[in-house]
Amino acid sequence: MIIRYAGLEKLARPEKVDVESLAERYAQRLERFFPQPDAELQVHLKRYDQAGARIKYSVHVRVGIGKSGQAEAVDWDLRKATRSALEKLEKEIKHKFKRE
């Protein structure tokens, strides 16, 4: 499965590593539903301007060929936002394939 990132260049190195490792782990899970070699997982990250001591992150994920799905999550913690979006996406895909 191909993983494409948008907004990754705006993150610090440790944040990039966290996002990439989570995306790779969930891409392996999603490959059961999309065995095609050209299936694509898109991860769009947005880092909101720092207004105080904390930074807010928004993560949008999409996957698919044929049947596809998308999910999003917003949180103050990048790992939590990324994991939440990927879990929502996995749940949506499982639901779509279960209905068939």
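You're looking at a predicted model, where local features need pLDDT of at least 70, side-chain atom pairs count only at pLDDT 80 or more, and totals for chains, interfaces and linings use all residues. Residues are numbered from 1 along each chain as its sequence is written, and side-chain values use heavy atoms, leaving out hydrogens and water.

**Stop 1: helix α1.** Select residues 13-30, which make up helix α1 (helices are DSSP runs of H or I, at least four residues, numbered from the N terminus). α1 has 18 residues and reaches 26 Å from its first C-alpha to its last, close to the 26 Å expected at 1.5 Å a residue (the expected span is 1.5 Å times one less than the number of residues).

Now colour E15, V19, L22, A23, Y26, A27 and L30, which are buried (buried means under 20% relative accessible area, exposed over 50%, partly exposed in between, with a 1.4 Å probe and protein chains only). These residues cover an arc of only 135 degrees around the axis, which puts them on the same side of α1 (the arc is that of the directions from the helix axis to the C-beta atoms).

**Stop 2: E15.** Which side chains does E15 touch, not counting residues up to four places away in sequence? Show R47, Y57 and L78 (contact means heavy atoms within 4.5 Å). The backbone nitrogen of A12 lies 3.0 Å from a polar atom of the E15 side chain.

**Stop 3: D18 and R79.** Select these two and zoom in on their salt bridge, 3.3 Å from N to O. D18 sits in helix α1 and R79 in helix α2 (residues 78-99), so the pair ties together parts that are 61 residues apart in sequence. D18 is partly exposed, at 25% relative accessible area, and R79 is partly exposed too, at 31%.

**Stop 4: R29 and E90.** Here's another salt bridge, with the closest N and O atoms 3.2 Å apart. R29 is in helix α1 and E90 in helix α2, 61 residues apart. Is E90 buried or exposed? At 8% relative accessibility, E90 counts as buried, while R29 is partly exposed at 35%.

**Stop 5: E92 and K96.** Being 4 residues apart, E92 and K96 are separated by about one helical turn.

How values were computed. Helix = DSSP H or I, 4+ residues; strand = E, 2+ residues; numbered from the N terminus. Polar contact = N/O pair within 3.5 Å; in protein donor to acceptor, adjacent residues only side chain to side chain. Salt bridge = Lys/Arg side-chain N within 4 Å of Asp/Glu carboxyl O.
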